[in-house]
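Please keep the sequence and the structure in view while reading.

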Amino acid sequence: MARPDKVAAVEEIAENFRGASASVVTEYRGLTMSQLTTLRRSLGDGATYRVAKNTLVKRAAQKAGIEGLDDLLVGPTAITFIQGEPVEAAKALREFAKTNQGLVIKGGFMDGRPLTVDEVNRLADLESREVLLAKLAGAMKGTMARAAGLFAAPASQVARLAQALADKRAAEEGGDAATEA
């Protein structure tokens, strides 16, 4: 018979899996509590870092309908549950792993499929959503400005041609008046 505290832990982890847009599995061997606290702070409000027993995580993943994480759940395991955009949390994990050799990114889960370490690192290489949207807006604004210039070009060419024609006629009339005098 399962102990109530373990059943509650499995249910909580399963709920975290269901509510997360992505999750990253890490090994935290050799990290101190102060280092783990620093990591949790660096992840921000959109992510939670949870240390859990592998058997409980396996049961919770199965309960949440997540497959493909069993190979990652070996050794001391912690999972980052990410709500919202996963780019910032992936960047924070990678940066922390660079300075703290005890943190090893094993893989993760996003959009219904498992992620490799390389895919987590590529996710961390992406620009944030806000930066990508700003770049898109700038590109669209530039395209609109070029389109406006193209649409205005024929009208300005006609205006310049009409002015040149008027100047030519004025010059011809001025030249005819000079020859008559």
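Which residues of α2 meet which residues of α4? The model that answers this is a predicted one. In α2, Q35, T38, L39, S42 and L43 take part, and their partners in α4 are A89, A92, L93 and F96. The axes of the two helices lie 9 Å apart, and the helices pack at an angle of about 150 degrees. An angle over 145 degrees counts as roughly antiparallel, so α2 is roughly antiparallel to α4. The crossing of this pair is right-handed.

Helix α2 itself spans residues 33-43, and its buried residues are L36, L39 and L43. Seen down the helix axis, these fall within an arc of 55 degrees, and therefore they line one face of α2. S34 and R41, by contrast, are exposed on the other side of the helix. The cover over the buried residues includes the strands β2 (47-51) and β3 (77-82) as well as α4.

The end of α2 leads into a loop. The helix is followed by G44, which has a positive phi near 85 degrees. D45 is placed in the loop between α2 and β2. With a relative accessible area of 83%, D45 is exposed, because the threshold for that term is over 50%. Although D45 and A89 are 44 residues apart in sequence, their C-alpha atoms are 9.7 Å apart in space.

The interior can be considered next. In soluble globular proteins, nonpolar side chains tend to be buried together. Here the largest nonpolar core has 24 residues, of which V24, L39, L43, Y49, I82, L93 and L103 touch the most other members. At least two residues of this core come from each of β1 (22-27), α2, β2, β3, α4, β4 and α5 (117-125). The largest share, seven residues, is supplied by α4. Apart from this core lies another, of 19 residues, which includes V10, I13, L69 and L72.

Helix α3, residues 54-64, also has a buried side. Its buried residues are N54, L56, V57, A60 and A61. They cover an arc of only 155 degrees around the axis, and so they sit on the same side of α3. R59 and Q62 are exposed on the other side. The buried residues of α3 pack against α1 (4-19) and β3. After α3 comes G65, with a positive phi near 80 degrees.

Two further loop positions complete the tour. N100 lies in the loop between α4 (87-99) and β4 (104-110). Is N100 buried or exposed? Its relative accessibility is 13%, and N100 counts as buried because the limit for that term is under 20%. Its contacts, aside from neighbours within four places in sequence, are L31 and Q35. D111 is found in the loop between β4 and β5 (113-115). D111 is exposed, with a relative accessible area of 69%. The phi of D111 is positive, near 55 degrees, in a residue other than glycine.

Conventions: Residues numbered from 1 in each chain as written. Predicted model: local features only at pLDDT ≥ 70, side-chain atom pairs only at ≥ 80, totals over all residues. Heavy atoms only, no water. Helix = DSSP H or I, 4+ residues; strand = E, 2+ residues; numbered from the N terminus. Buried < 20%, exposed > 50% of the residue type's maximum accessible area, 1.4 Å probe, protein only. Contact = heavy atoms within 4.5 Å. Arc of directions from axis to C-beta. Core = buried A, V, L, I, M, F, W, Y, C linked by side-chain atoms within 4.5 Å. Axes fitted to C-alpha atoms, helices over the stretch in contact; angles between N-to-C directions. Parallel < 35°, antiparallel > 145°, perpendicular 65-115°, else oblique. Left-handed = near helix turned anticlockwise from the far one by under 90°.
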